[in-house]
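The report below begins with the overall build and then turns to single residues.

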Amino acid sequence: MTSYPKDLPPGLTARRRTPSFTEQSVPAALLKDHSTKAGVWGVLHVEAGRLKYTVPSEGWELEIPQGETAIIRPEVPHYITPFDSVTFYVEFWGEDAV
């Protein structure tokens, strides 16, 4: 099992972020396996409530409470599960241009 990344690697820059989603507005694609593209990292921010973040191929899941984040590695299939009322967004990070 791969260990869960606690931080983004050095040399990345924020590229964009999603709008804030709730348990009612979360896109269906986020509730089933999906992944970021090569070189694109994500940071899942829980603004209110809590989410479960699951990475089936690595055999782990995290419960992310309000005010906490989770790191999303490039090209690794994952999905989220909202617990009751939740508000969250995702930031996408990539390597700095040289």
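The secondary structure of this chain, which is taken from a predicted model, amounts to 0 helices and 6 strands. Read from the N terminus, the elements follow one another as β-β-β-β-β-β. The radius of gyration is 13 Å, close to the 13 Å that the globule rule gives for 98 residues, so the chain is as compact as a globular protein of that length. Along its principal axes, the C-alpha trace spans about 45 × 30 × 25 Å.

How confident is the predictor in this chain? The average pLDDT is 92, and 95% of the residues score at least 70. Confidence is lowest in strand β4 (residues 60–65), where the mean is 94, and highest in strand β2 (residues 21–22), where it reaches 98.

**Inside and surface**

Of the 98 residues in the chain, 37% are buried. The accessible surface comes to about 5800 Å², and 52% of this surface belongs to carbon and sulfur atoms. The chain carries 9 positive and 13 negative charges, and the mean positions of these two groups are 4 Å apart. When contacts between residues at least 6 apart in sequence are considered, 77% of them join residues that are at least 24 apart.

Which of them are buried and which are partly exposed? The table gives the relative accessible area of each.

| Residue | Relative accessible area | State |
|---|---|---|
| Val-43 | 7% | buried |
| Thr-54 | 6% | buried |
| Ala-48 | 27% | partly exposed |

Val-43 is buried because its relative accessible area of 7% falls under the 20% cut-off. Not counting residues up to four places away in sequence, Val-43 touches several partners, among them Leu-8, Ala-70, Ile-71, Tyr-89 and Val-90. Trp-93 is also one of the residues that Val-43 touches, and although Val-43 and Trp-93 are 50 residues apart in sequence, their C-alpha atoms are 7.9 Å apart in space.

Thr-54, which is buried too, is in contact with Trp-60, Glu-61, His-78 and Tyr-79 once its neighbours within four places in sequence are left aside.

Ala-48 is partly exposed, because its relative accessible area of 27% lies between the limits of 20% and 50%. With neighbours within four places again left aside, Ala-48 is in contact with Gln-66, Ser-85, Val-86 and Thr-87. The C-alpha atoms of Ala-48 and Phe-88 are separated by 7.0 Å, while the two residues stand 40 residues apart along the chain.

**Two residues with positive phi**

Where does Glu-75 lie in the chain? Glu-75 lies in the loop between β5 (69–72) and β6 (79–95), and its phi is positive, at about 60°, although Glu-75 is not a glycine. Glu-75 is exposed, because its relative accessible area of 53% is over the cut-off of 50%.

Asp-84 likewise has a positive phi, near 50°, in a residue other than glycine, but Asp-84 has its place in strand β6. With a relative accessible area of 68%, Asp-84 is exposed.

Conventions: Residues numbered from 1 in each chain as written. Predicted model: local features only at pLDDT ≥ 70, side-chain atom pairs only at ≥ 80, totals over all residues. Heavy atoms only, no water. Helix = DSSP H or I, 4+ residues; strand = E, 2+ residues; numbered from the N terminus. Rg over C-alpha atoms; globule rule 2.2 N^0.38 Å. Buried < 20%, exposed > 50% of the residue type's maximum accessible area, 1.4 Å probe, protein only. Contact = heavy atoms within 4.5 Å. Areas by Shrake-Rupley, 256 points an atom, 1.4 Å probe, with all protein chains shown as cover. Lys, Arg positive; Asp, Glu negative; His and termini not counted. Charge placed at Lys NZ, Arg CZ, Asp CG, Glu CD. pLDDT = per-residue confidence, 0-100.
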